[in-house]
Amino acid sequence: NQFQDYRADMGAGKRNLVVRLGRARAVLVYLLLMFVPYAAVVGGVAGGVLSPYTLLALLTLPIAWKAIRTARAHHDDYLKLTPANAATVMVHMLVGVILALAYVLQRVAPLSL
């Protein structure tokens with residue numbers, strides 16, 4: 001949401017991440033923040049800390065990728081950036097639900113690698 005408020009925040013002296021980095025570089029941070037949870041899930045399963053069911057969270061990768069592509073293409077146009085915001089919310093919601101479901105599935109039908 002800081003992308004849309006960039007000009008207003010800058011004018012008001014707010015020094016949030018997008019203002020400090022600029023929109024183009026802030027998109028790289030956004031990309032990192034979108035993909036780190038996926039890496040954590042894969043690493044957690046590979047390390048035997050997380051249930052293999054948590055890999056179901058990877059099903060949301062296409063939504064995350066669409067959000068990232070939109071943010072990269074339209075980081076200067078707040079109206080065209082709105083779908084990226086919606087996709088980001090959807091990814092966070094779905095990943096949370098999937099991880100909760102994975103916990104339940106692991107208790108009901110345990111899997112191991």
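Q: What does Thr54 touch, not counting residues up to four places away in sequence?
A: Thr54 touches Val41, Val45, Leu99 and Ala102. Contact means heavy atoms within 4.5 Å. The model is predicted: local features need pLDDT of at least 70, side-chain atom pairs count only at pLDDT 80 or more, and totals for chains, interfaces and linings use all residues. Residues are numbered from 1 along each chain as its sequence is written, and side-chain values use heavy atoms, with hydrogens and water left out.

Q: Why is Thr54 called buried?
A: Its relative accessible area is 6%. Buried means under 20%, exposed over 50%, and partly exposed in between (1.4 Å probe, protein chains only). Thr54 therefore counts as buried.

Q: Where is Thr54 found?
A: Thr54 is in the loop between H3 and H4. Helices (H or I, at least four residues) and strands (E, at least two) are DSSP runs, numbered from the N terminus.

Q: How far apart are Thr54 and Leu101 in sequence and in space?
A: They are 47 residues apart in sequence. C-alpha to C-alpha, they are 8.4 Å apart in space.

Q: What makes the pair of Ser51 and Thr54 a polar contact?
A: The backbone oxygen of Ser51 lies 2.7 Å from a polar atom of the Thr54 side chain. A polar contact is a pair of N or O atoms within 3.5 Å; within protein, one must be able to donate a hydrogen and the other to accept it, and residues adjacent in sequence count only if both atoms are side-chain atoms.

Q: Which other polar contacts does the side chain of Ser51 make?
A: A polar atom of the Ser51 side chain lies 3.0 Å from the backbone nitrogen of Tyr53. The Ser51 side chain also meets the side chain of Gln106, at 2.6 Å.

Q: How do you know that Ser51 is buried?
A: Its relative accessible area is 13%, so Ser51 counts as buried. Ser51 lies in the loop between H3 and H4. Val45, Ala102 and Gln106 touch Ser51, not counting residues up to four places away in sequence.

Q: What makes Thr60 buried?
A: The relative accessible area of Thr60 is 2%, so Thr60 is called buried. Thr60 lies in the loop between H3 and H4. Its side chain joins that of Tyr38 in a polar contact of 2.6 Å. Not counting residues up to four places away in sequence, Thr60 touches Tyr38, Val91, Leu94, Val95 and Ile98.

Q: Why are H3 and H4 called roughly antiparallel?
A: Helix H3 (residues 23-46) and helix H4 (residues 61-74) pack at about 175°. Their axes are 10 Å apart. Axes are lines fitted to C-alpha atoms, for helices over the stretch in contact, and angles run from 0 to 180 degrees between N-to-C directions. Under 35 degrees counts as roughly parallel, over 145 as roughly antiparallel, 65 to 115 as roughly perpendicular, and the rest as oblique. H3 and H4 are therefore roughly antiparallel to each other.

Q: Which residues make the contact of H3 with H4?
A: H3 supplies Val27, Tyr30, Leu31, Met34, Phe35 and Tyr38. H4 supplies Leu61, Ala64, Trp65, Ala67, Ile68, Ala71 and Arg72. By class there are 12 nonpolar, no polar and 1 charged residues. Ala, Val, Leu, Ile, Met, Phe, Trp, Tyr, Cys and Pro count as nonpolar, Asp, Glu, Lys and Arg as charged, and the others, Gly among them, as polar.

Q: How many aromatic pairs does the structure hold?
A: It holds 2. One is Phe35 with Tyr38, 6.1 Å centre to centre, with 50° between the planes.

Q: Why is a pair of rings called tilted?
A: Rings of Phe, Tyr and Trp (its six-membered ring) pair if their centres lie within 6.5 Å; planes under 30 degrees apart count as stacked, over 60 as edge-to-face and the rest as tilted. Phe35 and Tyr38, at 6.1 Å and 50°, form a tilted pair.

Q: Where do Phe35 and Tyr38 lie, and what is their accessibility?
A: Both lie in helix H3, 3 residues apart, about one turn of the helix. Phe35 has 26% relative accessibility, so Phe35 counts as partly exposed. Tyr38 has 6%, so Tyr38 counts as buried.

Q: What makes the pair of Phe35 and Trp65 tilted?
A: The rings are 6.3 Å apart centre to centre, with 40° between the planes. The pair links distant parts of the chain: Phe35 in helix H3 and Trp65 in helix H4, 30 residues apart. Trp65, at 38% relative accessible area, is partly exposed. Phe35, Tyr38 and Trp65 form one aromatic cluster.
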